[in-house]
Amino acid sequence: MGGEGAREGGAARGGAPAGAPDALPATFLAAVVEASPDGVLAVSPDRTVLAVNRRFSEMWRLADDAVRVGDTSPALTGLQAALLRDPAGFEAAIRWGHEHPTETQQLDLDLTDGRAIEAWGAPVLDRAGRYLGRIWHMRDVTHRRRGAAAQVALAERLATAERAQRFLLACADALARSSGFSGSLRALAGAAVPTLGDLCLIDVVAERGGVRRVAAVHADPSLQALAAHLEAWPPDPAGDHPAVVAMRERRSRLGSEVPPGLLATTTRGAPHLEVLEALRADSYMSVPLLAGDVVLGAVTLVTTGSGRQLSADDLALAEELAGRVVRVVAKERRFDQEHQAAHTLQASLLPAHPEVPAGFEVAVRYLPATRQAEVGGDFWDVAAHPAGAGIALAVGDVEGHDMVAAAQMAQLRSALRALRPGTDGSGGLLAAVRRVWDDLALPRLATALVATIDDTGLLRAASAGHPPPLLVEPGAARSLDVPVDVPLGVAPGAAGAPRPLEVRLAAGAALVLYTDGLVERRDAAFDAGVAALAARAAAAARTTPETLADHLLEGVVDEDRADDVALLVVRRASG
C-alpha cells in the first residue's frame with residue numbers, strides 16, 4: 001500500500017543479514033511483525049516494502065516469497081487489485097494516501113472470493129514530524145461481516161414477522177367485531193391500511209361472472225369520503241384492471257408506479273377517473289383471494305400521494321396475509337349462503353300472506369338473527385276470530401336456534417290454529433295447548449301471546465311467558481299489562497285457563513305484538529327496551545301499519561342481533 005519519500009532500512013522477512021550492526025533491532029522488528037495476528041505491511045515514502053509478515057501473504061492468497069522487503073508495494077504491482085471487486089476504488093484510496101501522507105486511513109475491501117478485509121493505515125513520523133512511511137494492519141473480517149449480515153437479516157425477518165403478526169391480530173380483531181361476508185371484508189380493508197398501503201379496495205366475484213366492490217377504505221380519514229365513491233365503480237370483469245387480471249391469472253400483480261394511461265383505460269367514466277386522479281395513485285398491488293380452485297375476489301392496495309412505493313417485499317407480505325385471511329373470507333361467504341338458505345327455510349314455514357278479516361289492517365315482519373346460520377323458532381299468525389266477526393292473533397318464540405326449534409315452531413303454530421275454534425282464542429287456547437303438550441312431544445320450552453279482537457273492538461289477550469303487547473293510539477303508545485303465565489312446556493302456574501286481559505280498542509287504534517329479539521339487549525334492562533319501543537311507536541302512531549312496522553324496526557335491521565325478530569301490527573279500521 002502507498003506513500004512516498006526516502007526508503008528506510010528493511011526489517012522482517014528478507015531483512016538485514018545476521019551480524020550487521022542493526023541486526024538485533026531488525027530481527028526484533030521482524031519478530032514483532034511476524035507475531036501479529038493481523039496482516040502487516042510497511043512501506044517507505046517511495047512505496048517500497050519495509051516489512052511484511054506471512055499473515056499478509058496468506059490473507060491475499062500470495063506465495064510466501066511473492067512480497068519481500070525491498071520489493072515495490074503490492075498495491076502498485078496489481079497483486080492486490082487482481083483480488084478486489086472494486087480495484088478502481090482501491091487505487092483511488094491509494095492515491096489519496098499518497099496525496100495525504102500524514103493522514104490515517106481505513107479501508108473496507110471486498111474480495112472476489114467473497115471475503116472481506118478491513119485495513120488500517122497510519123503514517124510513521126520521526127520526532128521532527130518527517131514522514132518516514134506508512135504501516136498497514138489488515139484483518140479478515142469475513143466471519144464478522146457475515147455474522148452481522150445474518151443478524152441484520154434475522155432482525156429484518158423478525159420485523160417482517162412482527163409486522164405480519166400485528167396485521168393478523170388487527171384483522172382478527174376487526175373480523176371479530178364484524179359479521180357477514182361484506183362486513184368482514186370491509187373490516188379487513190380497514191385493517192390493511194396504512195400497513196400495506198394508503199387505499200385498500202376489495203372486489204368479490206358476483207353472480208354470473210360479475211365483479212362487486214364491497215370495500216374502499218383510505219388510511220386518511222379526510223380522504224375516506226372521496227375513496228368511498230369508488231365502491232360504486234367495480235372493475236370491468238372483461239377489462240384490464242389489475243384486480244381483474246390478478247383474478248383471471250390467479251397470481252399477484254405489482255406496479256411500482258402507475259403507468260400513463262392505466263387509470264383512463266380501467267375506469268368507468270370521467271367521474272371515476274376524477275376521483276382516482278384526486279387521490280393521486282402512485283403504486284399498486286393486487287392479490288387474488290383464492291380458496292382452492294375458487295376465486296373469491298382480489299385485494300388491491302394503492303399508495304396515494306404518500307411518496308411510498310410498494311415493493312416486492314410488500315407484495316410478499318400481502319400474499320402471505322391474503323393466504324391466511326382467505327380462509328376466514330371463504331368461511332364468511334359460506335356463512336352468508338347458509339344463513340340465507342336457513343332463513344329462507346324458516347320464512348317458508350310462516351304464511352306468505354296473512355289472512356286479514358274485514359275491518360282490520362295488518363303488517364308483519366320477520367328478521368333473522370345475524371350471529372348464526374341456524375333457523376330459529378320465532379313465529380306469528382293471523383286468522384279469523386274463532387267466534388265469528390273479528391280477528392285472532394298469535395306471536396311466539398320457541399327456545400333455541402336450530403332445526404328442532406324450527407320444527408317445533410311449525411308444530412306449535414299448527415296446534416294453535418287447530419285448537420282455536422274450540423276455545424275463546426286467548427286464555428282458553430293456551431290452556432288447550434298445555435293439555436296436549438305431552439301428546440305433541442314438543443321438547444323445547446316456548447313463549448306465546450295469543451289474542452282476539454271482535455268486531456266491537458274488544459281485545460282479549462293471554463300470555464305464556466311472552467313480552468307484553470303495545471297499544472298504539474293517536475300520539476301515544478303504552479305497554480298492556482297482560483297477566484303472564486309460565487312458558488309452554490312448564491306446568492301452568494294455576495289450574496285452568498290463564499286469566500286474559502280485556503281492553504276495548506278504539507277505531508284507528510293499533511296493537512303491536514313482537515318477540516323479545518326486538519327489545520332485548522345485553523347492555524340494557526328489558527323494561528328499558530320495551531319503553532324505547534313504545535316511544536318509537538308513539539312517534540309513528542298516526543301512520544299505516546306498514547309504516548309503523550318499518551319505524552319500529554329502525555335501528556334494528558342493520559345491527560348485530562343474537563336473536564330473531566317477529567313483529568305483528570294490527571289496526572282496527574277507523575270506519
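**Cavities, confidence and backbone details**

Visitor: How many cavities of 30 Å³ or more does the count give?
Guide: The count comes to 2 cavities of 30 Å³ or more. A cavity is a set of points on a 1 Å grid over the protein atoms alone where a 1.4 Å probe fits but cannot get out. This is a predicted model, in which local features need pLDDT of at least 70 and side-chain atom pairs pLDDT 80 or more, whereas totals for chains, interfaces and linings use all residues. Residues are numbered from 1 along each chain as its sequence is written, and side-chain values use heavy atoms, without hydrogens and water.

Visitor: What volume does the largest cavity have?
Guide: Its volume is about 220 Å³, taken as the space filled by probe spheres set on points joined across faces, edges and corners.

Visitor: Which residues are closest to its centre?
Guide: Leu201, His241, Leu263, Leu276 and Val302 are the closest, out of 18 lining residues (an atom within 4 Å of a point).

Visitor: And which elements each supply at least two residues of that lining?
Guide: Strand 6 (199-205), strand 9 (281-291) and strand 10 (294-304) each do so, as do helix 9 (262-266) and helix 10 (270-279). Helices (H or I, at least four residues) and strands (E, at least two) are DSSP runs numbered from the N terminus.

Visitor: How does the lining of the largest cavity divide by class?
Guide: The lining has 11 nonpolar, 6 polar and 1 charged residues.

Visitor: A change of topic: where is confidence lowest, and where highest?
Guide: The lowest mean pLDDT, 69, belongs to helix 11 (residues 312-348), and the highest, 96, to strand 20 (residues 510-514). Over residues 2-21 the pLDDT is below 50, although this stretch has 61 contacts (heavy atoms within 4.5 Å) beyond near neighbours in sequence. The chain as a whole averages 85, with 87% of the residues scoring at least 70. The pLDDT is the predictor's confidence in each residue, from 0 to 100.

Visitor: Which residues of helix 14 and helix 15 meet?
Guide: From helix 14, Leu533, Arg536, Ala537 and Ala539 meet Leu548, His551 and Leu552 of helix 15. By class, these contact residues divide into 5 nonpolar, 1 polar and 1 charged.

Visitor: Where is the cis peptide bond?
Guide: The cis bond joins valine 193 and proline 194, with omega about 5°. Proline 194 is placed in the loop between helix 6 (181-192) and strand 6.

Visitor: What is phi of arginine 47 and of arginine 250?
Guide: Arginine 47 has a positive phi near 65° and lies in the loop between strand 1 (39-43) and strand 2 (49-52). For arginine 250, phi is also positive, near 60°, and the residue lies in the loop between helix 8 (242-249) and strand 8 (253-255).

Technical notes:
On a 1 Å grid over the protein atoms alone, a cavity is a set of points where a 1.4 Å probe fits but cannot get out, and a pocket is an open set with protein on both sides within 12 Å along at least five of seven lines; lining residues have an atom within 4 Å of a point. Ala, Val, Leu, Ile, Met, Phe, Trp, Tyr, Cys and Pro count as nonpolar, Asp, Glu, Lys and Arg as charged, and the others, Gly among them, as polar.
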